Protein chains: 2
Amino acid sequence: MNIGLLGFGVVGKGVYEITQQRSDMQVTHVLCLEDIQLPDAKVAKDFREILDDETVDTVVEAMGGLHPAYEFVKAAIEAGKNVVTSNKALVCTFYDELIPLAKEKGVSFRSTAAVGGGIGWLSELERARRVQKLQQVGGIMNGTCNYILDNMTRLGLDYSVVLKQAQQLGYAEANPSTDVDGIDTWHKVILSANIAFGVTVDKETVPVAGISRITAEDVANFKAHGRICKLISTGKCVDGVYSVYVQPTLVKDGEPEAAVPMNYNLITFIGEISGRMSFFGQGAGRYPTAYNVVQDLVDVLEGKSFYAPYGQKVSADNSEKLCYYIRGGKGLPAPATEIWGNAAITDRVSVSAVHAWLKQNPEAFIAAL
Amino acid sequence: MNIGLLGFGVVGKGVYEITQQRSDMQVTHVLCLEDIQLPDAKVAKDFREILDDETVDTVVEAMGGLHPAYEFVKAAIEAGKNVVTSNKALVCTFYDELIPLAKEKGVSFRSTAAVGGGIGWLSELERARRVQKLQQVGGIMNGTCNYILDNMTRLGLDYSVVLKQAQQLGYAEANPSTDVDGIDTWHKVILSANIAFGVTVDKETVPVAGISRITAEDVANFKAHGRICKLISTGKCVDGVYSVYVQPTLVKDGEPEAAVPMNYNLITFIGEISGRMSFFGQGAGRYPTAYNVVQDLVDVLEGKSFYAPYGQKVSADNSEKLCYYIRGGKGLPAPATEIWGNAAITDRVSVSAVHAWLKQNPEAFIAAL
């Protein structure tokens, strides 16, 4: 296998290093705008050099961002090259176009590292689907948020202090919005639901609430009631009805989610035969992520294409009712049944109603119980 | 695929039910000594009926026990049939013979359900091995022990009370020795180490300590020091030295192992690239176990053989030093550094020395810190 590697940053360099140890694949071209030299690969500044080279059978996209990653990946597929990417935003945003296109062109398209980093989550879904219907997917899919929430809980520190630490340690970006506002998790759960249920979830119908408004006082309220806050994604399929959402969620001490430390992920599916299966590992980082890119490359060599058939478009129906912790905002989306410190616990109310209320009250913090 | 199913108990019946929903495989023969009738499969009381039928290409062994399971499986391989089994004692005991024989005969041999029940653990090791060297395997591999320890910890009950509950609920056998004395876990970690490291560990060199001597007082001692007791298996490969052992182990509240409830398993590998990856799920039960038997059958259809090459025989070297909680017995295998209630915490001492001491003091209870 001759690989054209797009990007030579954190993940790209890891992929290059791992493939150097293998005899069944080699990176023959690297797209990199910086002036680097590699002993065994041609460094290109123009993607066309890779696209037009017929010896390159597989493109690994490790640039990140939507553009020009999208244009490059699409052109590679159209040219009959296999594509492996770790770019969740790309796959989620252009799912409708890229998945059918890869099938039409008869090329492999894999993106295991896009969800769960070192956890082979999308491959786990592919394997599970061989034997059973999946009923639920989700969990802790973002290491940055888990790092922040875990440190706030253990040390009682405020959000801004922990965020700054996370940024200094490289666990959070300078602009952390994609992580802390839940966008990263939102992409991941939509992609997971698409594959688990064999559908294409309308992204506009999937609400997301992040963690950026959580305070040390909130965490103290949770602790006083034996709860721990995690950013949890949920995708369910019950009797043909799909519910998909991302929100801070209060888990009980002793539940597996409560014990997830630092920047780890814990992702779960529930299958009609296997029951609950959960996967715990590094959700990001050079080597864990590059590891699953290379796993995908091995799967491409074994002839695997995408994880699931491309399926019909469906809307999420989030009429499921839950109780919520709500602090701030005007009024409440449902009557209060308890008061925790300066916050209210609501009666059971639909997920969609709470997220609609939150749009009108963006200064509020919510967490499902 | 035409399947000869040996045994129609908990797992066998589950396999039969799941395959009935599929078009790519069917159970055509069932070996069952009871008088049952099946609409779509021939019920045989003599294994030769299945062995001599050339239309049967794959044998699923779901009888349990070593004999005649061993004789049947060996004969099936020799007759050129693929074999799938969930019988960890069988695979572990006759590893030396069955794995090379299956290779010689060019048939598939799979036993994913033998470790972790619903967790596809051995398949996970096979996948991980494609891209990296494994450094460590192990964890909570026995649901019966975890159920007992979890209930003792949460409810403060004594061992015998919880064991009786577990037996009434079907989580423990009438004779629980295989589970509570750690034999089941011992088989599982040896099999895991064989596959993870591509070796054949000499079973005689792998020590095991079980949980049957734990008391409510021990559990109270652990709680007072922020620890929780779990039966943990360990298999390590460091610089070509293999250490493999099974023993009660005190984990800290907040560690993933501490949060494993009821009869669940949590099994972990550490890979040189991926880092720590853990798998959480039902370690036993009809459908979780049958699920992975059917996953194996799908892998057989895809041409997969065994998980790893058959490797050289190695002895476990358990000179690794740990501190131990020790209650009972004559003297101590190492000087005490602390006293917890009626028990001592020892200075660091080799795993092998403690297990040798335990053989001379079978009334003692030990747990590694």
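Student: Which strand pairs with strand E12 (residues 275-282) of chain A, and in which sense?

Tutor: Strands pair if DSSP finds at least two bridges between them; strands (E, at least two residues) and helices (H or I, at least four) are DSSP runs numbered from the N terminus. Here E12 of chain A pairs with E12(B) in the antiparallel sense, over five bridges. A:Phe280 stands opposite B:Ser278 in E12(B). This is a predicted model, in which local features need pLDDT of at least 70 and side-chain atom pairs count only at pLDDT 80 or more, while totals for chains, interfaces and linings use all residues. Residues are numbered from 1 along each chain as its sequence is written, and chains are lettered from A and ligands numbered from 1 in the order in which they are written.

Student: How many residues of chain B are in contact with chain A?

Tutor: Contact requires C-beta atoms, placed from the backbone, within 7 Å. By that criterion 30 residues of chain B meet 30 residues of chain A. E12(B) gives the largest share of chain B's side, eight residues.

Student: Is strand E1 (residues 2-6) of chain B enclosed or open?

Tutor: A residue is buried if 20 or more other C-beta atoms lie within 10 Å of its own, exposed if 12 or fewer, and partly exposed in between. Four of the five residues of E1(B) are buried, so the strand is largely enclosed by the rest of the structure.

Student: Which strands pair with E1(B)?

Tutor: E1(B) runs parallel to strand E2 (residues 26-31) of chain B over five bridges, with B:His29 as the bridge partner of B:Gly4. Four bridges join E1(B) to strand E4 (residues 58-61) of chain B, also in parallel.

Conventions
Two residues are in contact if their C-beta atoms, placed from the backbone, lie within 7 Å.
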